[in-house]
Amino acid sequence: MNDYTRLITYLAQYEVSVSDEQIRKLDTYYEMMIETNKSLNLTAITEFEEVLVKHYIDSVSIIRDMDMTKDMSVIDVGTGAGFPGMVLKIIFPSLKITLFDSLQKRLGFLDEVIRALSLTDITTCHGRAEEAGRLPEMREQYDLCVSRAVANLPVLSELCLPFVKVGGKFVSYKSDKGSEEVAASPHALEVLGGSVLKEDIFTLEDNDMVRNLVIIDKIKECPKSYPRKPGTPSKKPL
Ligand code: SAM
């Protein structure tokens, strides 16, 4: 098994402890990802230490700003190979998670991981966010929406905010470009019912990669005309 000391130490700073079983689950997930990555494009980084920091520790970094031990419903929009949603579920088992993506093959991989790890209260969902955000069973149903590396913030807000309950939060995992994207977003956020609570800018571990967790409050209902049809948010950003 790989050495997860860095992750365990990272989580301990936030008083989160993980069992041996949770670590074994993370390791099985890693091994399955590397194996599947030979035939299906899941991740550009495969070396263990890099995955540990850039995928696993990055995914859990939201604990800097949010109490993840609560019983929350969470949707991960554009989850890809499961980041951050799958890692959050393994570390914080009380979360109810929907892993959402438009690429069925990646969700097929995540279904295999869910089965192999016997995870409950986690489901995959296939579709375009522009369409799913209009479905009554998904619209404004989640306490928290997370998303990493899917689109720039004005576009992403239209894909994500419709899923969030009024009073809930949308946390966008951004890089050093995060502040620029926030500066370009006031109109989109105003229209969609979002308000930036804060930007949490930091570097990960001994890595000098800048991360910016943009925390957005859902302060009012999203107008019925949003999200617009697939492709429109990126072609004509708000
Ligand atoms: N979040 C993962 C991560 O950080 O490693 C994956 C990022 S990957 C670059 C972007 C993912 O978003 C892809 O899996 C893609 O299929 C999905 N995606 C892009 N646009 C989408 C949309 N409109 N609706 C649903 N999924 C979308």
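Which side chains meet in a salt bridge at 2.8 Å, N to O? Those of Arg-148 and Asp-58 do.

## Ground rules

This is a predicted model, where local features need pLDDT of at least 70, side-chain atom pairs count only at pLDDT 80 or more, and totals for chains, interfaces and linings use all residues. Residues are numbered from 1 along each chain as its sequence is written, and side-chain values use heavy atoms, with hydrogens and water left out.

A salt bridge here is a side-chain nitrogen of Lys or Arg within 4 Å of a carboxyl oxygen of Asp or Glu. Searching the whole structure turns up 16 of these salt bridges.

Back to that opening pair, Arg-148 and Asp-58: Arg-148 sits in strand S4 (residues 142–148) and Asp-58 in helix H3 (residues 48–60), so they tie together parts 90 residues apart in sequence. Helices (H or I, at least four residues) and strands (E, at least two) are DSSP runs, numbered from the N terminus.

Arg-148 is buried at 13% relative accessible area, and Asp-58 is buried at 2%. Buried means under 20%, exposed over 50%, and partly exposed in between (1.4 Å probe, protein chains only). A network of salt bridges links Asp-58, Arg-148 and Arg-211.

## Lys-218 and Glu-140

Lys-218 pairs up with Glu-140 in a salt bridge, with the closest N and O atoms 2.6 Å apart. Lys-218 is buried, at 2%, and Glu-140 is buried too, at 18%.

## A pair within one helix

Glu-21 and Lys-25 form a salt bridge at 3.5 Å, N to O. They are 4 residues apart in helix H2 (residues 20–36), so about one helical turn separates them. Glu-21 is partly exposed, at 45%.
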